[in-house]
Amino acid sequence: MIVALAGRPNTGKTTLFNALTGLRQRVANFAGCTVEKAVGQASWGSGDMEVVDLPGTFSILAHAEDEKVAFKFMAQCLSSARPFQVVCVTEASNLVNDLPLALSLKGCGYPVILAVNMMDEAALNGVVIDKPRLEEELGVPVFLISARNGTGMTELKSFLAEACAARPSGRDFLDLSAASVAELVSIQEESQALAWAALARAVRMPPSANWKTLSQSIRLDRWLFHPFLGPLALGAALFLVFQSLFALGAPARDFIASGLASFSNALRPVLPGELLASLVCDGIIAGVSAVATFIPQIAILFVLIGILEQSGYLPRAGAMVDRALRPFGLDGKVFIPFLSSFACAIPGVMATRTIANKKRRLTAILLAPLMTCSARIPVYTLIIAAFVPSSCRIMGFNAQGLVMSGMYAFGIVAALLMALALRGTPLYEAHPSPLTPLPPYRLPRAKELFRYVWVRCWHFLGKAGKVIFVLSLALWTLASFPRSEKAVAPMRRGIELAQSLPGPAREARVRELKARMAAVTIENSLLGRLGRAVEPLFKPIGYDWRLSVAVISSLAAREVFVGTLGTLFALSGEGSSPQGLVEALRNSRTPDGSPRYGLATAVSLLFFFAIALQCVSTIVVVERETGSWKWPALQFCAFFALAYSMSWAGYHATKLFLQ
């Protein structure tokens, strides 16, 4: 049996879904589109059910894409041979707005039952519902529930279990996607009148002064929507999200990464054969690390988004900043995804699920990688430390710090300018976003929050993680084959000779020779040959084959750029530190003795990494979120072309005026 949970946003559909399915649920997209649905399994007695949490729908006159998809899904279910039940979820304190949808679906021939949710708040507000009378007036089964604390859930589950055993007979229904507007308007107006009449007879509403939860929300909104205090509160909330992703996510990420690195270092000596050790440690474990290190930030992100969403503040935050972003073709809901992208573009792209409008969500997905993510920080730090003198001051401020701050500002400005450019494309919505309904403020529940975070993290591991892992192995293969024993033979003999040296000298010499051997292996591998092959492409923007290889390898993750350069320069044990690589870049010389890299190369690299989509993980997640490889391919090519153009301009302008 298919049980579809329908209703307006903020009626508690997701809470009811969690109460029915527990953790037996997954996040997926409807077939052929990018609108998200949650699907879960439930069973009571002899009934096995597939519960589907549909996107929020306001009326049978569908305007948004997700509403159209929801109604199309219900029509497909009715056309099938499976038992089907629509549970229309309503808010007990807001029945005047929620009932018309349920009655409209009933009038169109859909099997509807009414779940009147949030009865605990209704009791607090003094709302009294005569259940038998309401059932008589509406002609549908009515269940008074509170999904958060379990009130009324036993009766609802028993009804669904009995309905599951009933086989469907002939079904006459109106396909909402094919009906005329006039017909739908007529049904909706009739349903509205019936809803008002039923409420007048079966529901007793208190005077406005007795609405405790509503009055509490109004008092809070007077402060949170204040012209001065409101933006400060919003800034503090976003700052907390931003800082938490760094302060909490970075240590957890580093802990996982260091743990896997330690495990890899301990495992490498005991594995038989150098090739097997490289496969396991540099391929498999590195692939696992590439997936696992994202989990802390994704979990923290969705914990914070879940708190903001369940408390009722998230729609208010979007409403406050919506007006300022409309000239750029965006709305306030892009702030959380953009802010999340400062930690990592992956949780930022996944956070766009809070944007209901399909085109604006796609725009946010395409622009989120322009934010300066934490993976760029090692690259920026290396380049700035190598080519911007630490003694340099601009208006009394450290030039290195100003350049780093400027890179953050550059990402924001680039995203807004590209959003402005997209206004001339079909991605731009000419009409403003629909108003977001503002629910009352509520305290988040730990159990709901855990389920919310668990499902999304598991979705990332099960979907994007598999592809990221496979691509990591592919990169290892390119960097490991073919293996030239003749090229590394001198280093192997050197390692044998180094065994006669004293302890510290021996260890340093062995580390240096192994680093050189790895550099020679990469240089002669498919990846190294590819670097030499594409060197003519990157030479106009100041890159030699080493930088070209590092840029290509950074597709695995931007920070790989630093590690690849370290290997290619065959640094000693001390030189493997970031400071050693800084010195290597500064001191690198061409055969004629001139500096190989300079300020112009640094400017080119900064522009390139600020814009180019050098992250396979992000590309994979964009494909998962959009449901097509078309968008990540277009995104990658467009960003690469723009990055290359700006790098070329920056490189030659710097050589002309500053070098």
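This tour moves through a predicted model, from its nonpolar cores to a surface patch and then to several salt bridges.

**The nonpolar cores**

Begin by selecting Phe 338, Phe 561 and Phe 608, which touch the most other members of the largest nonpolar core, a set of 95 residues. Keep Phe 561 selected and display what surrounds it: leaving aside neighbours within four places in sequence, Phe 561 is in contact with Val 379, Leu 382, Leu 547, Ala 550, Val 551, Ser 554, Leu 605 and Phe 609. Then turn to Ile 60, Leu 61, Leu 103 and Ala 122, which are included in a second, separate core of 47 residues.

**A nonpolar patch on the surface**

Next, select Trp 223, Phe 228, Leu 229 and Leu 232, which form a nonpolar patch on the surface and together have about 460 Å² of accessible area. If you colour the model by secondary structure, you will find Leu 232 in helix α9, which covers residues 229-247.

**Salt bridges between separate parts**

Side chains of opposite charge can pair when their charged atoms come close. The model has 10 salt bridges in its count, and the next stops visit some of them.

Select Arg 8 and Asp 98, whose salt bridge has its closest N and O atoms 2.8 Å apart. Arg 8 lies in the loop between β1 (2-6) and α1 (13-21), while Asp 98 lies in helix α3 (residues 95-107), so this pair ties together parts that are 90 residues apart in sequence. Arg 8 counts as buried, at 17% relative accessibility, and Asp 98 also counts as buried, at 3%.

Now move to Asp 53 and Lys 13, whose side chains meet in a salt bridge with an N to O distance of 3.0 Å. Because Asp 53 lies in strand β4 (residues 47-53) and Lys 13 in helix α1, the pair ties together parts that are 40 residues apart in sequence. Both Asp 53 and Lys 13 are buried.

Finally, select Glu 137 and Arg 133, which form a salt bridge with their closest N and O atoms 3.1 Å apart. Both residues lie in helix α5 (residues 131-138), where they are four residues apart, or about one turn of the helix. Arg 133 has a relative accessible area of 33% and is partly exposed.

Definitions and conventions:
Residues numbered from 1 in each chain as written. Predicted model: local features only at pLDDT ≥ 70, side-chain atom pairs only at ≥ 80, totals over all residues. Heavy atoms only, no water. Core = buried A, V, L, I, M, F, W, Y, C linked by side-chain atoms within 4.5 Å. Buried < 20%, exposed > 50% of the residue type's maximum accessible area, 1.4 Å probe, protein only. Contact = heavy atoms within 4.5 Å. Patch = residues over 30% accessible without salt bridge, like charges linked within 9 Å, V, L, I, M, F, W, Y side chains within 5 Å. Areas by Shrake-Rupley, 256 points an atom, 1.4 Å probe, with all protein chains shown as cover. Salt bridge = Lys/Arg side-chain N within 4 Å of Asp/Glu carboxyl O. Helix = DSSP H or I, 4+ residues; strand = E, 2+ residues; numbered from the N terminus.
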